[in-house]
Amino acid sequence: MALIEGIFEPGLIVTSVDWVLNWSRKRSIFPMTFGIACCAIEMIATGASRFDIDRFGSGAFRATPRQADLMIVAGTVTFKMAERLRRLWEQMAEPRFVIAMGACAISGGPYHLHGYHVVKGVDQVVPVDVYIPGCPPRPEALLEGLMRLQDKISARTIAKQKQ
Amino acid sequence: MMTPSEIVELLKQHDAASVVSAVADGPYPHVVLKPEKLVAAAGFLKTEPRLQFDLLRCISAIDWPARNIVEVAYDLISTSFGHAFAVKVELDRADPQVESVGGIWPAAQWHEREAFDLMGVMFLHHPDLRRILMPEDWPGHPLRKDYQDVVEYGGLKFNP
Amino acid sequence: MSESTRFAVEMLLFAGVGTALGAGALLLGKLLRPSNPGGLKGEIYECGEPTIGPAWVQFDLRFYVVALVFVVFDVEIALLYPWAVVYKDYIARGLGSAAFWSMVFFLGLIFVGFAYLWRFGYLDWVRAVSPTKSELMKDNGSLMIGSGRGGRNDESSIINNP
């Protein structure tokens with residue numbers, strides 16, 4: 001909870017402050033490198049020059065959770081990896097977001113029936129904001145997911161919420 | 001470069017008692033050895049000047065519940081001559097044990113760890129026999145035909 | 001106002017605006033950012049693994065040797081500069097040889113130290129074992145000898161136990 005959050009009633013000033021705050025947050029979402037499997041290759045392609053995630057302000061992939069806003073879970077999550085994934089998500093600072101990229105991160109993907117070591121969906125481990133279907137999703141799909149996340153960030157407000 | 005039948009002949013000349021059966025034709029020429037004679041035969045295969053199988057390409061463990069055995073196959077290649085061959089051992093399915101060949105081919109150490117992890121084969125005198133793919137405290141050996149999936153692990157349900 | 005007062009006011013304004021900008025940015029951040037400390041967030045970061053041991057480990061002492069050697073020779077260079085500046089004047093006044101030989105004496109002292117470092121291997125990152133040193137270093141685990149291992153104190157790393 002920020003210090004000025006939840007104090008003021010919705011109004012012109014609060015809305016303007018909201019607009020500026022959300023604008024600056026959504027135009028500079030720093031992803032954390034969490035490419036686990038094949039979807040990581042598509043994430044890398046999104047970061048390369050043809051699809052260029054940097055024009056959305058998200059080109060600075062931070063390797064450490066302390067400096068990252070967004071965790072793109074790209075790939076199959078195993079039980080062994082789930083513990084580390086949870087710990088790293090805990091070590092991220094708010095406001096933090098999670099994108100589940102690819103079928104494996106959404107629901108276990110092709111390993112849903114017989115995968116003996118696969119977590120059937122990363123939302124069993126961390127709360128997910130945006131799901132991007134595909135196996136793997138095209139870079140344009142990842143950018144669409146990023147834009148949906150930007151819309152989600154635009155909807156945030158620091159005004160007092162009605163109970 | 002020796003043909004598979006010549007390799008089988010050489011092995012039989014070296015120690016005929018260790019060979020249980022041999023297949024020299026087809027896509028996968030191999031011999032089946034007795035498990036207790038494996039290390040001696042492996043040493044022969046590596047050091048014999050006409051064979052020189054210095055590269056262990058792969059160790060695979062196969063589960064045959066109908067025949068009640070676990071088969072372990074060692075794929076060998078000679079980098080000097082270019083011939084390829086395979087050696088198999090058949091182990092009792094209830095308690096599969098065989099001597100480790102890690103002293104002869106160091107690559108065997110990780111392959112044997114994988115065979116232990118996923119199939120439960122015990123390799124005697126292995127310097128560091130522990131799971132390599134699954135978590136350390138995983139119950140069971142997943143690639144066995146009668147493996148039961150866990151219900152939950154580490155607080156996560158297996159099937160939501 | 002007088003020149004010095006004006007100058008003082010300018011400096012104060014400069015310092016004030018600079019401080020205000022910095023403090024203002026920090027204050028804005030403090031107001032606007034969420035603050036939820038505690039829980040697992042404060043754990044030491046080790047790529048997701050549970051941490052082994054504290055984060056403060058003893059640094060390799062070779063870095064200290066390198067820093068010390070650097071400081072000595074850097075000061076020597078720094079002292080050479082003013083000497084070089086006034087050397088021409090000394091020659092003009094006829095004291096050239098005195099100036100020259102005093103500097104040679106100074107450099108000679110430094111050079112004796114340099115020769116000692118070189119001879120006894122303090123300039124090598126990977127030191128060969130010499131009989132005089134190995135007896136002294138036998139129990140000292142953090143200075144490196146012979147086998148080329150780094151000055152690590154923990155035995156658990158894969159580098160120490162290949």
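Me: How should I read the packing of helix α2 (residues 39–47) of chain A against helix α5 (residues 139–154) of chain A, and at what angle do their axes cross?

Reply: Two packed helices are described by the angle between their axes and the distance between the axes. In this predicted model, the axes of α2(A) and α5(A) come within 9 Å and cross at roughly 75°, which makes α2(A) roughly perpendicular to α5(A). The residues of this contact divide into five nonpolar, one polar and one charged.

Me: Which residues in α2(A) and in α5(A) meet?

Reply: On the α2(A) side they are A:E42, A:M43, A:A45 and A:T46, and these meet A:P139, A:L142 and A:L143 in α5(A).

Me: Turning to a helix of chain B, which are the buried residues of helix α1 (residues 4–14), and why are they on the same side of α1(B)?

Reply: An α-helix has 3.6 residues a turn, so residues three or four places apart point the same way. In helix α1 of chain B, the buried residues are B:P4, B:I7 and B:L11. They cover an arc of only 60° around the axis, and therefore lie on the same side of α1(B). The exposed residues B:S5 and B:Q13 are carried by the face turned away from that buried side.

Me: How many helices and strands does chain B have, and what pattern does chain B follow along the sequence?

Reply: The secondary structure of chain B comes to three helices and nine strands, and read along the sequence the pattern is α-β-β-α-β-β-β-β-α-β-β-β. Taken along the principal axes, the C-alpha atoms of chain B fill a box of roughly 55 × 30 × 25 Å. Of the 160 residues of chain B, 28% count as buried. Among the contacts in chain B between residues at least 6 apart in sequence, 48% join residues at least 24 apart.

Me: Is A:L70 buried or exposed, and which residues is A:L70 in contact with once its neighbours within four places in sequence are left aside?

Reply: A:L70 is found in strand β2 (residues 70–74) of chain A. With 22 other C-beta atoms within 10 Å, A:L70 is buried, because the cut-off for a buried residue is 20 or more. Leaving aside its neighbours within four places in sequence, A:L70 is in contact with A:I29, A:F30, A:P31, A:M32, A:F97 and A:I99. The C-alpha atoms of A:L70 and A:D151, which are 81 residues apart along the chain, are separated by 14 Å.

Me: How are the interfaces between chains to be read, and how many residues of chain A are in contact with chain C?

Reply: The size of an interface is often given as the accessible area lost when the parts come together. Here the description is by residues in contact: 16 residues of chain A are in contact with 14 residues of chain C. The largest share of the chain A side, five residues, comes from helix α3 (residues 79–90) of chain A, and by class that side has nine nonpolar, two polar and five charged residues. Chain B also touches chain A, with 10 residues of chain B in contact with 11 residues of chain A; the chain B side of this contact has six nonpolar, two polar and two charged residues.

Me: Which domains does the assignment give for chain C, and how far apart do their C-alpha centres lie?

Reply: The domain assignment of chain C gives domain 1 (3–35) and domain 2 (61–137), and the C-alpha centres of these two domains lie 46 Å apart.

Conventions. Residues are numbered from 1 along each chain as its sequence is written. Chains are lettered from A and ligands numbered from 1 in the order in which they are written. This is a predicted model: local features need pLDDT of at least 70, side-chain atom pairs count only at pLDDT 80 or more; totals for chains, interfaces and linings use all residues. A residue is buried if 20 or more other C-beta atoms lie within 10 Å of its own, exposed if 12 or fewer, and partly exposed in between; C-beta atoms are placed from the backbone. Helices (H or I, at least four residues) and strands (E, at least two) are DSSP runs, numbered from the N terminus. The arc is that of the directions from the helix axis to the C-beta atoms. Two residues are in contact if their C-beta atoms, placed from the backbone, lie within 7 Å. Ala, Val, Leu, Ile, Met, Phe, Trp, Tyr, Cys and Pro count as nonpolar, Asp, Glu, Lys and Arg as charged, and the others, Gly among them, as polar. Domain bounds come from an automatic or database domain assignment. Axes are lines fitted to C-alpha atoms, for helices over the stretch in contact, and angles run from 0 to 180 degrees between N-to-C directions. Angles under 35 degrees count as roughly parallel, over 145 as roughly antiparallel, 65 to 115 as roughly perpendicular and the rest as oblique.
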